[in-house]
Amino acid sequence: MGVGSGMPTVNSHVSSCCLKTELTLGLPGGQKTSKSGSKRGFSETVDLRLGSSCDDEVSVSTPPPSKAQVVGWPPVRSYRKNMMKNCKYVKVAVDGAPYLRKVDLEIYTSYQQLLAALEEMFTCLTICNVVNERKIMDSSNGTEYVPTYEDRDGDWMLVGDVPWKMFVESCKRMRLMKSSEAVGLAPKTSSKGLSKS
Amino acid sequence: MCLFQSVMNYFPEEVLEHVFDFLTSHRDRNAVSLVCKSWYSVERFSREKVFIGNCYAVDPERLIARFPRVRSLTLKGKPHFADFNLVPHDWGGYVYPWIEAMAKNGINLEELRLKRMVVSDESLELLAKSFPNFKSLVLVSCDGFSTDGLAAIASNCRFLRELDLQENEVDDRKGQWLSCFPDTCTSLVSLNFACLKGEASVAALERLVARCRNLRSLRLNHAVPLDTLQKILVQAPQLNDLGTGTFVHDPDSDAYCKLKNAIKKCKSIRSLSGFLDVNTRCLPAVYPICTNLTSLNLSYAPGIYSSELIKLICHCKKLERLWILDTIGDKGLDVVASTCKELQELRVFPSDLYGVGNAAVTEEGLVAVSAGCPKLNSLLYFCQQMTNAALITVAKNCPNFIRFRLCTLDPTIPDAVTNQPLDEGFGAIVQSCKGLKRLSVSGLLTDQVFLYIGMYAEQLEMLSIAFAGDSDKGMLYVLNGCKKLKKLEIRDSPFGNVALLADVGKYETMRSLWMSSCEVTFGACKTLAEKMPRLNVEIINEGEQIEASPDDRHRVEKMYLYRTLVGPRRDAPDFVWTL
């Protein structure tokens with residue numbers, strides 16, 4: 001496992017669509033009133049069949065608090081849930097930029113489109129088509145950036161190696177890394193040096 | 001009374017009928033029909049619009065027998081919690097028998113409005129072919145049909161005015177259903193196909209819009225691109241209500257420029273929705289119409305960030321209804337509070353359903369809106385946290401709430417500041433809002449909140465409870481106190497047999513009761529069913545061994561009971577038992 005991953009995903013195909021509660025499960029017993037014994041606490045209703053833990057983007061070395069699913073909570077129509085499922089927003093960081101952006105990978109159909117959108121977003125950058133299709137350049141100071149992404153396993157990968165759809169499914173966030181730092185980049189082997197918390 | 005009655009009897013029936021014409025609400029008509037036999041008779045022959053809140057409370061034959069001149073029928077099927085996957089897929093709620101019966105009996109059906117019902121293509125085809133004057137089909141949260149059924153409607157309903165599909169699960173067969181509207185069809189006033197997932201024939205759409213000069217409401221699906229939208233708006237500048245499809249384009253392009261100009265000419269648009277995919281740099285195109293908007297639904301537009309939302313809302317000073325995502329944040333709600341002084345209805349939906357880590361809203365946003373928008377009367381608010389102090393302030397600021405639905409994303413979260421239950425906060429709401437008809441509570445709640453609800457919520461008709469209460473007392477407070485209660489739905493709360501059986505007659509004054517993951521036992525449900533023959537007490541057994549006679553002490557996982565005139569339904573699947 002690369003650094004940055006949480007507990008191993010039990011059912012990876014589920015974790016991409018699992019319904020997580022916003023906060024960790026605070027059992028009612030941890031709060032003020034003591035409940036009568038017959039009350040079913042919130043945690044008892046958790047549907048453990050579907051897997052109790054999913055990757056947590058934020059955690060680094062400690063395992064993330066387990067996020068579990070409750071059937072039908074929050075009470076949102078399945079229609080709405082399905083509509084929102086079709087957006088896959090990932091954060092995009094650019095080395096040296098003061099803030100991150102978010103892109104919805106679902107609205108693009110190819111790497112070229114994505115890079116074009118990134119170009120538009122970080123307007124100082126242009127796609128450097130001459131040298132290598134997948135490099136991006138800051139034309140104002142000649143810095144080259146290499147688009148990388150963190151996949152579900154927590155490894156930092158070079159954008160473009162896998163088929164587009166596979167990329168969309170496995171990408172959790174992106175980082176435009178300065179070329180100078182990217183020397184020797186290869187899938188998995190140099191993940192330790194490049195992963196971010 | 002005798003004198004009155006004999007005086008009234010001098011009026012010929014035509015006069016009575018004419019007087020009743022002024023009564024549009026079905027509740028008024030129901031009341032009128034109870035006065036005396038002659039009024040009942042006049043009323044039933046003159047009623048054209050019938051509302052049936054539970055399709056299993058009566059049957060088609062009784063409908064037709066009592067109201068032979070019905071032209072417009074509204075039917076609701078599955079229990080509300082079906083929306084949240086708590087009811088198995090094939091539980092029931094089929095519309096086919098209704099359409100079949102009305103077709104057989106020569107009913108002159110013009111309008112059909114369905115909610116949470118199963119609608120097959122077969123039923124749509126029968127509908128389309130049986131009623132030559134059919135004008136209006138509204139389907140909300142239904143399933144069971146495909147675009148083939150829509151094609152049948154389009155092909156056969158010569159005078160179709162309204163086809164309104166809201167949030168349905170439709171099997172999109174990518175057929176050419178839009179092309180099925182014949183060239184002679186010019187009567188469309190309202191067309192909403194936003195919930196369809198597949199490609200629409202844009203050429204057919206453009207031609208349809210061009211020839212339907214009375215079109216007022218048009219909601220597109222996400223497959224309709226921006227340049228088609230532009231062409232449509234040029235053809236239909238008279239639109240009142242617009243739902244965009246994809247709102248993605250190069251803002252420097254010619255097409256976008258043309259769109260901006262087309263939108264400027266649409267001076268009648270009062271309601272805006274869509275933006276299912278959006279390039280936020282294209283949003284300024286709609287600013288010119290924002291000034292007159294009364295209704296704005298951006299709840300399916302997660303692509304619009306908080307800052308963009310705020311920029312847009314700043315233009316919407318006449319807004320009365322706003323549906324958004326919690327990406328707007330408390331800051332955005334501040335802007336709503338200072339801009340939208342006419343706001344009556346606010347719905348803030350959760351954006352982070354899949355744990356991507358988006359912001360939510362807190363009690364602060366709600367307090368701000370309550371302070372800034374004195375006309376607020378309807379709320380649906382999904383929030384990360386809440387406090388009693390905030391709810392008390394909201395109650396003071398807005399005593400006019402008719403609908404108040406609060407949903408904390410963690411269902412048992414206490415007051416974020418004091419760690420107390422949220423009893424006092426909701427208590428303040430019910431005490432202050434004397435006209436409250438619908439309430440959903442959430443957060444850490446004890447029996448106390450139900451004491452308040454029973455005491456103060458005199459007009460309450462619908463109450464939704466989840467993960468709340470300590471004992472049967474809670475439910476008893478509600479059943480004893482809320483005289484106008486029609487629908488009660490409870491999940492995961494410790495209410496049991498004592499509460500269920502305390503006042504069995506109460507359930508005949510209500511439309512329905514849902515209890516799931518509570519403490520009621522099989523035996524108690526049987527007892528209730530025995531005592532009340534005019535209730536259907538249904539037990540839903542999912543995935544469990546269906547024993548011939550389960551132990552009476554066994555807890556029931558899901559129970560749904562409702563009053564009915566027609567006994568146990570005959571279309572119940574194997575896993576539904578009517579006791």
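So, B:Ser253: buried or exposed? At 17% relative accessibility, B:Ser253 counts as buried, because the cut-off for that is under 20%. Keep in mind that this is a predicted model. B:Ser253 sits in chain B, in the loop that runs between β11 (246-247) and α11 (254-264).

Okay, another serine. B:Ser179 is in a loop of chain B too, the one between β7 (169-171) and β8 (190-192). This one comes out at 36% relative accessibility, so B:Ser179 counts as partly exposed. If you leave aside residues up to four places away in sequence, B:Ser179 touches B:Ser201 and B:Ala204. And if you want a sense of scale, take B:Thr446: that's 267 residues from B:Ser179 along the chain, and the two C-alpha atoms are separated by 57 Å.

Now, salt bridges. Side chains of opposite charge can pair when their charged atoms come close. How many salt bridges are there over all chains? The search of the whole structure finds 28. Let me walk you through some.

In chain A, A:Asp95 pairs with A:Arg175, with the closest N and O atoms 3.0 Å apart. A:Asp95 is in the loop between β1 (89-94) and β2 (101-104) and A:Arg175 is in strand β7 (residues 171-178), so this pair ties together parts that are 80 residues apart in sequence. Both A:Asp95 and A:Arg175 are buried.

Over in chain B, B:Lys135 and B:Glu110 form a salt bridge, closest N and O atoms 3.7 Å apart. Again the pair links distant parts of the chain, 25 residues apart: B:Lys135 comes from the loop between α7 (121-130) and β4 (136-140), and B:Glu110 from the loop between α6 (96-104) and β3 (111-115). B:Lys135 is buried, at 19% relative accessible area, and B:Glu110 is buried as well, at 16%.

Then there's B:Asp148 with B:Arg173, where the closest N and O atoms are 2.6 Å apart. Here helix α8 (residues 147-156) supplies B:Asp148, while B:Arg173 is in the loop between β7 and β8, 25 residues apart. B:Asp148 has a relative accessible area of 36%, so it is partly exposed, and B:Arg173 is partly exposed at 44%.

Last one: which residues are linked in a network of salt bridges? That would be A:Arg77, B:Asp83, B:Arg116 and B:Glu167.

Note on methods:
Residues are numbered from 1 along each chain as its sequence is written. Chains are lettered from A and ligands numbered from 1 in the order in which they are written. This is a predicted model: local features need pLDDT of at least 70, side-chain atom pairs count only at pLDDT 80 or more; totals for chains, interfaces and linings use all residues. Side-chain values use heavy atoms; hydrogens and water are left out. Helices (H or I, at least four residues) and strands (E, at least two) are DSSP runs, numbered from the N terminus. Buried means under 20% relative accessible area, exposed over 50%, partly exposed in between (1.4 Å probe, protein chains only). Contact means heavy atoms within 4.5 Å. A salt bridge is a side-chain nitrogen of Lys or Arg within 4 Å of a carboxyl oxygen of Asp or Glu.
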